[in-house]
Amino acid sequence: MSDPDSDVAAQFRVSPAPVLAMLPLLGLVFYALGDAWFGARELFRFVLFALLMYLLAAVGWLVYRRQAEAGRWFAVLSAAAAVLLAHFWLGVPGALAMAAAPAAAAIGVLGLGAAAAIAVGQSALLLSLSSAAAIDAQAVALPLIALWTTFGALAAVHLSTRQATQWSWEYFVRARDLVEQARDRQAELASALDQLAHANQQLTRLNLLADGLRRAADDARLAKEQFVANVSHELRTPLNMIIGFSEMILESPETYGASVPPALLADLTVIRRNAQHLAELIDDVLDLSQIEADQMALMKEPAVLSEIVEAAVEAVRPLFESRHLRLAAEAPDNLPDVHCDRTRIREALLNLLSNAGRFTEHGGVQVRVQQDGEDVVVSVSDTGPGIAAEHLDRLFQPFQQVDGSIRRRYGGTGLGLSISKRFIEQHGGRIWVESQQGAGTTFFFRLPIGADRPGSASSARWLVPDWEFHQRTDASPTVKTPVRARLVVFEAGN
């Protein structure tokens, strides 16, 4: 980008052609004046003067064509010389009054600085001629006054005009830069709109894909639920017959005669125990599938939580006594009734106690119930081996245990904690675990005393019940790009 000052200065410098054109005109004027004032006896000098002016104009134009700056100076100095020749050689009265013309012309042709230098030079020349008695001092005063008055007025006009033009030029340059920036931003905006249109197109495709995947997931869920229901129906009937006949033979062996071998009774006991275990496993799978399908109905009513805890403790006490483990429960007498499904809370507590009994080899299990504001908190603490911190997040996932060795050593399917977690959350509560390796494990669950609150771990907590979709009414500025179907063509090779 060029310098604004030099550009403005160049705009204020005009061609010397008008000054060069005035030289022949000045020669003609003086020739006519000489003929009128001095007659034929002095006409020769005026003719020579006119010819000299023509010659200076021609030479000045040739110099300007070859070297512009030299041509400018030549034109202005020729005009100054013409004024001096008109006074000293031709003797034209009042010719020195035209001394202001070269300085005034220099402002436009050479610039303000060069014009000031020429005005100073003319003034010095006139003063030197006056001091040498070549010119009368009174005759010099008027040209000097005219020179500097004209120069001062034109310089003031030149400076103010140049300043205004300078401001205009700066604003023009700034506006030009802003226009270029606006063009760049417009190009960036067009690119962003194009990318947004493509992103919108991809999002539409992903929405279509997600809708298809959702329908596929719904179909898979329905197929799984149907499969679980069918398998449950198909397995329960023979299991009930196996369990029923095993119990009948074990409880009334005399029905089949007096010679039932003890070894056969022992085998029947094993069959009944494994059949009952298989029935319990099927019940757990059914419960889990019903919870995932939101089809698990809770029969909530005011219940005494201490009685539920006592019933669960008595149900698992034989397991603890067979393993020579301590089992104790502690609950205050002034606990308020809890609005819950006593069967499901008892089942969740049984799962926690069963796990504690299976994983504890020495010591025992302590159950505590206490009120915490508008909630009750139940804790089940054991003296087992404890669980590492990196395995705690996996405990409440279906079919998950800490590792395979625990499943081989202690048994279990990994469904109890997951089902217990779902039961607690359906009541608006929360379950968590605290454990440290070598220091035992404590499971906690919290239940609201009154009406249950929405479970914090449920995905429904992100939904706003009164939210409503509003269709867009104004026109979208994005480009409407059609969403074309993508086809994959397979061609069988030879």
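1. Tyr 31 is partly exposed, at a relative accessible area of 32%; the class covers values between buried (under 20%) and exposed (over 50%), with a 1.4 Å probe and protein chains only. The residue sits in helix α2 (residues 17-37). Helices here are DSSP runs of H or I with at least four residues, strands are runs of E with at least two, and both are numbered from the N terminus.

2. The model is predicted: local features need pLDDT of at least 70, side-chain atom pairs count only at pLDDT 80 or more, and totals for chains, interfaces and linings use all residues. Residues are numbered from 1 along each chain as its sequence is written, and side-chain values use heavy atoms, with hydrogens and water left out.

3. Helix α3 (residues 43-66) gives the largest share of the patch, 4 residues.

4. The buried residues of α3 include Phe 46, Phe 49, Met 53 and Tyr 64. The 24 residues of α3 should span 34 Å at 1.5 Å a residue, and the end C-alpha atoms are 35 Å apart, which agrees. The expected span is 1.5 Å times one less than the number of residues.

5. Helix α10 (residues 342-359) has 13 of its 18 residues buried, so the rest of the structure largely encloses it.

6. Strands β4 (residues 364-372) and β2 pair in the parallel sense over 5 bridges; pairing requires at least two DSSP bridges between the strands. β4 also pairs with β5, in the antiparallel sense, over 8 bridges. The hairpin of β4 and β5 has 2 residues between the strands, and Gly 373 in its turn has a positive phi of about 70 degrees.

7. Strand β7 (residues 441-448) is joined to β5 (residues 375-382) by 8 bridges, running antiparallel, and pairs with β6 (residues 430-435) over 6 bridges, also in the antiparallel sense. Phe 443 in β7 stands opposite Val 380 and opposite Val 433. Of the 8 residues of β7, 7 are buried, so the strand is largely enclosed by the rest of the structure.

8. There are 11 salt bridges, each a side-chain nitrogen of Lys or Arg within 4 Å of a carboxyl oxygen of Asp or Glu. Asp 372 forms one with Arg 446, the closest N and O atoms being 3.1 Å apart. This pair links strands β4 and β7 across 74 residues. Asp 375 also forms a salt bridge with Arg 446, at 3.5 Å. Asp 375 is in β5 and Arg 446 in β7, so this pair ties together parts 71 residues apart in sequence. Asp 375 is buried, at 8% relative accessibility, whereas Asp 372 is partly exposed, at 39%.

9. His 324 has a phi near 60 degrees, a positive value in a residue other than glycine. Most residues other than glycine have a negative phi. His 324 lies in the loop between α9 (305-322) and β2 (326-330) and is exposed, at 73% relative accessible area.
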